[in-house]
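Hello,

Here is the structure I promised to pass on to you. Have a look at it first, and then read my notes below.

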Amino acid sequence: MKIGIAGAGLLGRLLAFQLARAGHAVTVFDPATSPEQRGAAGWTAAGMLSPMAELETANLAVFEQGVRSLALWASIVADLKASAPEHHVMLKMMGSLLLAHKGDEGSARRMIDLLAHKTPAGHAEHAPKPLSRMALRSAESAIHTSGSAWILPHEGQIDSVQAMTAMTVAATTLGVTWRWNETVTSLQQGVIKTAKQDFSFDWVFDVRGTGARPDLSVRGVRGEIFWLHAPSVELQRPIRLLHPRHRVYLVPRDGNRIVVGASEIESEDRSPISLRSTVELLAAAHSVIPELAEARIIHSETNLRPALSDNLPRLEASDGLTRINGLFRHGWLIAPALVKQALAEISL
Ligand SMILES: Cc1cc2nc3c(=O)[nH]c(=O)nc-3n(C[C@H](O)[C@H](O)[C@H](O)COP(=O)(O)OP(=O)(O)OC[C@H]3O[C@@H](n4cnc5c(N)ncnc54)[C@H](O)[C@@H]3O)c2cc1C
């Protein structure tokens, strides 16, 4: 079939890759001037694959899509390796840690109790498990805390930048046409319109994130992150600090880099990171790993998470048009399951 995709973010690239692999003729439209221009939230994401931790705010459907996606990512990354062998994608399934400093255990305990309470029936293996100080030291030798720690054993992480790049290269190898620097001005069943031209397709996917207005009342939720270079700090897993005021995570990446994030602010301001977020994020990161004092700040980035009014994802299909949006703070967690569902619903 002839497929048009509006948006080359996380969903657009994953759809393009999967559809091209299945033999469809795919064209993708995006206002970015090049494949590397980082307009999409997908680039900025820390890439935590956290079905359990997301249950704090999300619902059972997101948890289940997340659990399904963990398995799907493993096969997608293997497929990417086949189509783009020179583009490594780091994918780890070693669980993630929740930490609370001494004195903050009260609010941490409430979070742990909430997660334990929300652990879906039949999924007890996902519930938070307390870690002794010795177990914590053997899991993550960089962390020195006299507080408490828990492991969420079935969580993972993906390097979002590597994955965005590999999906583009692999999809290109499979024949996808990219129309960069082409903003979709409107779309409907089987039609995508840009300022230059109208294009006809057998099926259209609207995955424009915050750009889908006015068709969807999606809003952007500002998120700010840092990249640190810390060769002296060995970290294996994502760490979430259960702080009473700031929610901060540290996510290790290849090349001795650590992503520290993220603010969550009801604003569509994409200007650079604020002093307040800088102080809060970096002070909290330093409190978890004091050796980060000598880390170098190599990058900071701001982006907008696409969210609907209920902060939950939405997938709508009518004849010739599928819309997927509202992936909010768990797009990497759930995209593979949503894409699989979208393609199955229309027998693609
Ligand atoms: C700071 C931060 C941290 C995050 N951390 C995580 C995490 O750890 N784990 C996780 O699972 N998720 C995380 N996320 C969320 C995740 O990044 C998003 O849920 C996901 O990127 C949404 O994917 P999408 O394809 O819907 O939107 P996007 O990735 O934003 O892509 C939308 C695309 O549509 C394009 N577009 C817009 N308007 C138009 C138009 N008119 N015509 C054509 N194209 C258009 C845009 O240019 C963009 O390329 C994080 C997000 C942020 C900002």
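Predicted model: local features only at pLDDT ≥ 70, side-chain atom pairs only at ≥ 80, totals over all residues.

**What I found**

Strand β6 is joined to strand β7 (residues 148–152) by three bridges, and the two run antiparallel.

Residues are numbered from 1 along each chain as its sequence is written, and side-chain values use heavy atoms, with hydrogens and water left out.

**The sheets**

Strands of a sheet pair through backbone hydrogen bonds, either parallel or antiparallel. Both β6 and β7 belong to an open sheet of eight strands with mixed pairing, in the order β6-β7-β5-β15-β16-β17-β14-β18. Its edges are β6 (129–131) and β18 (296–307); each has a single partner strand, so one side of each is left without a neighbour in the sheet. On average, neighbouring strands of this sheet are turned by 25° against each other, direction ignored. Helix α5 (residues 105–118) packs on the sheet and touches β5 (96–100), β7, β15 (239–242) and β16 (247–253). Contact means heavy atoms within 4.5 Å. The direction of α5 makes about 20° with that of β7; such angles run from 0 to 180 degrees between N-to-C directions, with axes fitted to C-alpha atoms, for helices over the stretch in contact.

Another open sheet has three strands in the order β10-β11-β12, with antiparallel pairing. Its edge strands, β10 (184–188) and β12 (198–200), each pair on one side only. Elsewhere, β2 (residues 25–30) and β9 pair in the parallel sense over four bridges, and V28 stands opposite W178 in β9.

**The ligand**

Which residues come nearest to the ligand? They are D30, M48, F328, W332 and L333, out of the 34 residues around the ligand (each with a heavy atom within 4 Å of it). A polar backbone atom of V184 is 2.9 Å from a nitrogen atom of the ligand, and a polar backbone atom of L333 is 2.8 Å from an oxygen atom of the ligand. The protein covers 94% of the 1000 Å² of accessible area that the ligand has on its own; these areas come from the Shrake-Rupley method with a 1.4 Å probe, and for residues only the protein chains shown count as cover.

**Some residues to look up**

Most residues other than glycine have a negative phi, and most peptide bonds are trans. F328, in the loop between β20 (321–325) and α9, has a positive phi near 45°. F328 is also buried, with a relative accessible area of 9% (buried means under 20%, exposed over 50%, partly exposed in between, with a 1.4 Å probe and protein chains only). N181 has a positive phi too, of about 60°, and lies in the loop between β9 and β10. The peptide bond from R213 to P214 is cis, with omega near 5°.

Happy exploring!

How values were computed:
Pairing = 2+ DSSP bridges. Polar contact = N/O pair within 3.5 Å; in protein donor to acceptor, adjacent residues only side chain to side chain.
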